[in-house]
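Subject: Structure handed over, with notes

Hello,

Please look through it before reading on.

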Amino acid sequence: MAMLEKTTDVRALRHWEGDMEADYIYTTGIAGDKFFKEIKENAKITGTKCKKCEIVYVPPRMYCERCFENLEQWVDVSDKGIVHTYTICNMDLDGSKMDKPVIMAVIKLDGMHGGIIHKLGEVNPENVKIGMRVQAIFKNKKERVGSILDIKYFKPVK
Amino acid sequence: MVRKVAVVGIGYTGFSSSTPDVSWKEIMFQAATRAYEDAGINPRKDVDSFITCAEDYWEGFSIFDEFVPDQLGAVLRPTCTVCGDGIYGLANAYMQIQTGLMDVVAVEAHSKISELLTYNDVVAFAMDPIYNRPLGGHPYYIAGLEMRRYMEETGTTEEQCAEVVKKNKENALRNPDAAYGAKMDVEGVLNSEKVFAPLKQLDISPLADGCVVMVLSSDDYAKKFTSKPIWIRGIGWASDTPWLETRNWGEAVYAKLSAEKAYKLAGINEPKKEIDFAEVDDKFSYKELQHLEALGLCRKGEAGKLVEEGAFGVDGILPVNVSGGLLGVGNTLEASGLQKTLELVLQLRGDAGKRQLKDVKTGIAQSWRGIPTNSGAVVILGTDGGG
Amino acid sequence: MRDVAVIGAGMTMFRRRLKETGKELCYEAAKMALDSAGITLKDVDNVVLGSAPDAFDGIHMKGENLSDGSGGYRKPYMRVFTGGGTGVFAPIAGWWHVASGMADICLVVCEEKMSCIQPHPQAAFAHIWDPILDRPLKPNLVWIFAMEMNRYMHVHNVSKEDIALVAVKNKNNALDHPCAQLAAKITVDDVLNSEMMAWPVNKLDISPPSDGAAALVLASKDMASKLTDNPVWISGVGWSIDSTMWTNRDLYFPEYVAKAAKMAYKMARIDNPKKDIDVAEPYDPFDYKELHHMEGLLLCDKGQAPILTKEGVTQRDGDLPVCPSGGLLGVGNPIAATMGVKACEIYWQLSGQAGKRQVPNDPRTGVCQAWGDLMQFGSVMVMRK
Amino acid sequence: MTEKIKHFPGEKLSQKQIDEGEVTTVKHSPNVKYAWSCGEAMSRFLNEMKKGKLIGRKCNKCGRILFPPRMFCEECFRPTNEWVYLKDTGKIMTFSKSYLDTNAKRIKEPILVGVIAIEGASENMGFMHYFGEMDPDEIKIGMRVKAVWKDEKEREGAVTDIKYFRPLKEGE
């Protein structure tokens, strides 16, 4: 279509392989660096508060996305909260079936606005419910590096 | 002064699961040739500005903009790339024409996604690198999270979502350009692999290649080009927070906001009454329902029941995704909004063949930029210019 | 067509590495621009983002990720991308948002975080080339500049010394820019004796990769008259792209810049740019590029830019000050965010806010330009007091 | 600067601060792979390279012979008409002597690289390639050069089927 000549021999059609790969290092930023250091040192989840909008952001932000105030008030947030929504993942990144389902969830920690994204653990998929109370399980201090993965997962509160 | 803007030319390739016979340049050349032919114009003389909608990683180039002009007739002309879906491209064309600086603008969007071998990884690469991406996994879990919350807040059922799949895939059987038309039953969807429960394999629109080019012009020029200008009555676009942590999981706020803008521009106060048919984003089955509610085409929580009752079928009160939607045509990523707009133009011109709707005057197309975004756009087209 | 004014601007430091995330950089520049315009985010109707390859920041669809930092929360938010041309193209897109009547106030934010890609942004530049024709030859980005510079030198018989004067001037000008990354007092010999990268390009001919962000506030005439008594008007915009096939073009002259410039001058009703332009900020990622672009902007005849430079005409106190900001060579080159030393600088110069960098000729009309893709894209904006 | 601006934000970091973990960071190396369809024009181009030939494509409207070939003429915006075999000789349009490799690593012996306008195609119709069998000081714009091909068995249908271009000898 639109061209005056097209091959009818499929063997003549070529493709060319390549990639767009590179290595990346992301700084966690002004707010993120403080957040992760608090997790790493003290296993404590912190947020920043916009007094004007009455919102506590977790992870903390250096600015309020709604009103653009600079956020300087840091608050401690509970490591417990409720499941706002969840999904049971049976497919892995490469499209293959997972050996064991992974449960991803949005967890609304007490005192925060919205909810953070993390995995649920120590629970069977069929027992997970929206509204269920869960709690963060941290890695041991010497294993913590200052990352969202310093939290292993969230498990149901007994 | 508000100028009236019309779609005066459309060109497109079909949509298919792969296109090994043409390069990305050649597929664009094909669609562009048809669009200019349809408008009856020579792009080297008659088009004032060219807009492509693309994202680098879909294409495999650090700066895709480089590889655009030649095959569109845009060499040494005002040309740019918009990092957005095709409706964003239409919005820029609309604004350029409104300034009076441009009279005729061509908008292009395509998908050559069959050439990306690691689609899942690239979608994951769009996630926040600090808080979300390290958790790993297939990024479509976000749709699973959203579907469950949407069902929770609205009472929508998995069966109702499956009805969307059945409707759209069957609609696609009447669209010769669709890649994934099929006879379906609801049980088939429900029994498909529970990939991100409650989201199942068949709730997900499969990827497709294809290209759409549209020529837009101001009203004084529109009369020159074609006997059937289809008017842009309203257009809008919006982004909600990009943070998964603060988004509203039950509601498509970006669609609501963009529709509000578009309705205002179109002078539409009662969309339910004034819109005859809709092409809304259905990258996932539940998204069609969530989007219909956000567009004000039904009340929140009502869409599931309505689809079950057949209200959104070809013969229903509001035909939705008659083209087959992305579930039936295929997900063409940045081209998906133009694919939907294309269906509006075909229907409003009366050129939709077997799937032609009767007596349609006003249609709405809506796009969402996909996982993990919280952005989208809306365009309203009509046979009458309106305001 | 509605009149569009610039009423505020902001920028961050340009540095090889900044601690802020991309979003945070956007926020800092945007907040500064809003503060300088005396408005808040609530007053903004639309947001336009300019950012160059996703491959720098390492985020696919990075425009989406950056939207909250740019002030796009629950607003119409649009990203445009024309390679290195983005830094002047984003404000052009902002212009059409306001000129069309779609927005009364449009915030334009440009960002680049090039330090994310390791070990060097070169890894991203490796993928700007045609995958079939060019990439198998394992090219380095500097090659195309070297080839273009060589062609320019060859056709006009320009010496490396003449070109080095641009680097000397701009790095010196940058001493007065508080955000500058590579400001220095250097000599022509320093440039010529700096490390040979790809002949004819030496290290000091090149601007450094940087992190940074910049922002502008654009307003309709009605809004501008309410908000400021010192607006600067966008009186002409132009952009143009040449063929992808860069190996089919004679690289000695940037035709695409000339096309864009003619479009902008026509709109601004400028018949004689050589006379009518008081201050210019052409894109200077390499020193010869300033000369190349002065010619493309029709500020002098072909081949004449090196002569004007030698005569001191382009110095800050010369008849035609060029890159009084210090340019990319002196302040830094965070690709799209170079809006800070192009469009923002012309705004500051024309509104008399450029402080130590203020050109003394009481400028009334200025032009800024950026350039991008495979030596292919030109964006030009003319501004008036 | 403006009276309202007192402070320019931006917190400078060194590579050392990152490497030594003074600030927290996240690392990622994405898996991003493609197989681009070459399409009609580039498939033929590559298949001819494998045979040791350069091929162009002619537009009968403007009369130009385009190289590298394409199925459409970007000037006339119409399909091109016919295939035309070209010579494997050409003229250097511009060049560089690069002391940087593809990753910006420093190298001692410069890579000689440039644009060669191919003979048999229209003016300026060139592509990028390496130069060889010449002294770095010898290379000049306007110099005529000839392709040095890989052995037929080694050719795979790629631009690198030409090893480099060498100076055209007198009488050649």
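Helix α12(C) is mostly covered, with 10 of its 10 residues buried. The model is a predicted one, and what follows should be read with that in mind. The buried residues of α12(C) include the charged C:Asp287, C:Lys289, C:Glu290 and C:Glu295. Also on the buried list are C:Tyr288, C:Leu291, C:His292, C:His293, C:Met294 and C:Gly296. After the helix comes C:Leu298, which has a positive phi, near 65 degrees.

What does α12(C) pack against? One partner is α7(C): the axes of α7 (residues 160-173) and α12 (residues 287-296) of chain C come within 7 Å. The two axes cross at roughly 100 degrees. Angles of 65 to 115 degrees count as roughly perpendicular, and α7(C) and α12(C) therefore fall in that class. On the α7(C) side the contact involves C:Ile163, C:Ala164, C:Val166 and C:Ala167. These meet C:Asp287, C:Tyr288, C:Glu290 and C:Leu291 in α12(C). By class, this contact has six nonpolar and two charged residues, and no polar ones.

Next, the contact between chains B and D. Chain B puts 26 residues into it and chain D puts in 19. On the side of chain B that touches chain D, at least two residues each come from α1 (24-39), α2 (43-46) and α5 (119-124).

Then chain D as a whole. Chain D has two helices and 12 strands. Starting from the N terminus, its elements run α-β-β-α-β-β-β-β-β-β-β-β-β-β. How spread out is chain D? Its radius of gyration is 23 Å, whereas the globule rule gives 16 Å for 172 residues, so chain D is more spread out than a compact globule. Taken along the principal axes, the C-alpha atoms of chain D fill a box of roughly 65 × 40 × 40 Å.

Two further values for chain D concern burial and contacts. Of its 172 residues, 42% are buried. Among contacts in chain D with a separation of 6 or more, 51% are between residues 24 or more positions apart.

Regards

Notes. Residues numbered from 1 in each chain as written. Chains lettered and ligands numbered in written order. Predicted model: local features only at pLDDT ≥ 70, side-chain atom pairs only at ≥ 80, totals over all residues. Axes fitted to C-alpha atoms, helices over the stretch in contact; angles between N-to-C directions. Helix = DSSP H or I, 4+ residues; strand = E, 2+ residues; numbered from the N terminus. Parallel < 35°, antiparallel > 145°, perpendicular 65-115°, else oblique. Contact = placed C-beta atoms within 7 Å. Rg over C-alpha atoms; globule rule 2.2 N^0.38 Å. Buried ≥ 20, exposed ≤ 12 C-beta atoms within 10 Å, placed from the backbone.
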